[in-house]
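Here is a short briefing for a first look at this protein. Keep the structure open while you read.

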Amino acid sequence: MLLADDDPLVRTGLRMMLRGADGIEVTGEAANGAEVVDAVRRDAPDVVLMDIRMPVMDGLAATRALSRDASARVLVLTTFDEHGLVLEAIRAGAVGYLVKHAAPEEIVEAVRGAARGEPTLSHAAARALITHATSGTGDESRAERARRRLSVLTERERAVADAVAESLSNAEIAARLYLSLGTVKSHLSSALTKLELDNRVQLALLAHDARDPSA
């Protein structure tokens with residue numbers, strides 16, 4: 001994994017914390033977003049632990065750049081937990097969002113989850129997504145745009161997307177829809193590809209946006 005933060009003391013602390021964690025190897029460090037992009041293309045780490053506020057290129061811009069042509073999964077770790085930053089990070093392609101005062105064990109588990117493609121959100125980040133999902137439901141244009149995008153999905157893919165929006169796991173979706181776990185994963189992968197999304201959190205946001213406010 002790659003550590004990305006413009007503060008060398010923060011990087012040192014994270015490296016020391018992660019050094020003793022089973023299954024995690026820190027392969028490099030970066031002090032700005034441009035260095036992140038170069039390091040990922042050079043070393044191909046599985047996970048980038050990404051700060052947002054960095055010089056040259058910030059973490060959001062770097063996340064967007066990586067989502068286009070790299071397989072590394074971005075886990076944002078930042079001091080800031082503003083609603084807008086959370087949504088922007090997720091839409092940029094981040095698989096998770098934590099704040100720096102998170103417990104060490106929480107950060108370690110989030111890194112492991114990110115490597116598996118599993119979303120991890122701090123309480124503040126989760127609240128931001130819930131607020132987004134439950135506010136502005138009268139914004140007809142947003143709902144219409146979301147429905148138009150989702151219209152490319154098959155009936156089963158749309159059902160999986162709706163279940164993801166309810167925060168169900170793949171196993172829970174399989175049980176609800178009477179599908180095998182492999183079939184759920186296949187539908188999920190197909191939906192993400194068709195919609196040009198990077199992860200299930202982005203899919204959940206889109207499915208939330210498409211919901212009928214009167215339902």
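The model is a predicted one. The protein is divided into domain 1 (2-132) and domain 2 (139-210). An open sheet of six strands is present. The second largest pocket draws at least three lining residues from each domain.

**Domains**
- The C-alpha centres of domain 1 and domain 2 lie 24 Å apart.
- Domain 1 gives 11 residues to the contact between them, and domain 2 gives eight residues.

**The sheet**
- The strand order is E2-E1-E3-E4-E5-E6, with parallel pairing.
- Strand E2 (28-30) and strand E6 (120-121) stand at the edges. Each has a single partner strand, so one side of each is left without a neighbour in the sheet.
- Strands in a sheet pair through backbone hydrogen bonds, and the pairing is either parallel or antiparallel.
- Strand E4 (residues 73-78) pairs with strand E5 (residues 96-99) in the parallel sense, over four bridges.

- Helix H3 lies across strand E3 (47-50) and E4. H3 runs at about 165 degrees to E3.
- Helix H5 (residues 104-115) also packs on the sheet. H5 touches E3, E4, E5 and E6. The direction of H5 makes about 160 degrees with that of E4.

**The second largest pocket**
- About 330 Å³ of space lies in this pocket.
- Its lining has 17 residues. Those nearest the pocket centre are Arg-91, Arg-149, Leu-197, Gln-202 and Leu-206.
- Which elements give two or more residues to the lining? They are helix H3 (59-69), helix H4 (83-92), helix H7 (140-150) and helix H11 (200-209).
- The lining residues divide into nine charged, six nonpolar and two polar.
- Both domain 1 (2-132) and domain 2 (139-210) supply at least three residues to this lining.

Terms used:
Residues numbered from 1 in each chain as written. Predicted model: local features only at pLDDT ≥ 70, side-chain atom pairs only at ≥ 80, totals over all residues. Heavy atoms only, no water. 1 Å grid on protein atoms, 1.4 Å probe; cavity = no way out; pocket = protein on both sides within 12 Å on 5 of 7 lines; lining within 4 Å. Points joined across faces, edges and corners; volume = space filled by probe spheres on them. Nonpolar A, V, L, I, M, F, W, Y, C, P; charged D, E, K, R; others polar. Domains from an automatic or database assignment. Pairing = 2+ DSSP bridges. Contact = heavy atoms within 4.5 Å. Axes fitted to C-alpha atoms, helices over the stretch in contact; angles between N-to-C directions.
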